[in-house]
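Here are some notes for a colleague who is opening this structure for the first time. Please read them with the model on screen.

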Amino acid sequence: MRKLLSNHSDFFVIAAAATEKTTEFYEVALGFEREFFRGPEGQPRHALKFGKQKINLQDRTTDTPTKAQHPTFGSGDFCLIAAVPLDEVLAHLRAEKIAIEAGPVARRGALGALRSIYFRDPDGNLIEVAEYAAGV
C-alpha cells in the first residue's frame, strides 16, 4: 500500500469569460463570498470563498506564472456538498430562476451515496450540489 500524500482540496480554478458576472452568479446561487487578492508577482486575482476552500477565477487577462496550460471556459464539472438540506438549495435556485439540469438524482460520491442536483454557471461549467445519504 502506498502512503497517502494529500488528503483534501484547498482550491480549484475555473476560467471565467466575465469575472464580475461569474462572481455575482456564485454569490446569488450559492452564497459564496468574493475575494480579491494579489498573485505571486502582485497581479490582481479574484476568487470565491466558501467553507474552508475557494474557487480561483481566471479570465483571458489573468497573468500568473502557474496556471493551466489551456484554460477553457465551460470545461469545469465539480460536486459541492450542501451546507443545508438539498431541498433548501433546490428551492433557493428555483426562486432565483436558475435552471436545474437534473435532479434530485442518486449518485455516488467520495464517501458514499449522494442525492444531487445539477445546474450551470454563466460559462457553462456543470455544478453538482449534493447531500450524503443518512448515515454517511
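1. Two strands count as paired if DSSP finds at least two bridges between them. In this predicted model, four strands form an open sheet on that basis, in the order β5-β8-β7-β6, with mixed pairing. The edges are β5 and β6 (102-109), each of which pairs on one side only. On average, and with direction ignored, neighbouring strands of the sheet are turned by 35 degrees against each other.

2. Strands of a sheet pair through backbone hydrogen bonds, in either a parallel or an antiparallel sense. For β6 and β7 the sense is antiparallel, and the pairing runs over six bridges.

3. Which strands does α2 lie across? The helix α2 lies across β6, β7 and β8, and runs at about 5 degrees to β7.

4. The largest nonpolar core has 21 residues, and those with the most contacts inside it are Y26, I55, F119, I127 and V129. Two or more residues each come from α1 (19-30), β3 (44-50), β4 (53-58), β5 (77-81), α2 (86-95), β7 (112-120) and β8 (126-132). The largest share, four residues, comes from α2, the helix that also lies across β6, β7 and β8.

5. Leaving aside its neighbours within four places in sequence, I55 is in contact with F12, I14, Y26, F32, H46, A47, L48, F50 and F78. Among these contacts is Y26, which, like I55, is listed with the residues that have the most contacts inside the core.

Conventions. Residues numbered from 1 in each chain as written. Predicted model: local features only at pLDDT ≥ 70, side-chain atom pairs only at ≥ 80, totals over all residues. Heavy atoms only, no water. Core = buried A, V, L, I, M, F, W, Y, C linked by side-chain atoms within 4.5 Å. Buried < 20%, exposed > 50% of the residue type's maximum accessible area, 1.4 Å probe, protein only. Contact = heavy atoms within 4.5 Å. Axes fitted to C-alpha atoms, helices over the stretch in contact; angles between N-to-C directions.
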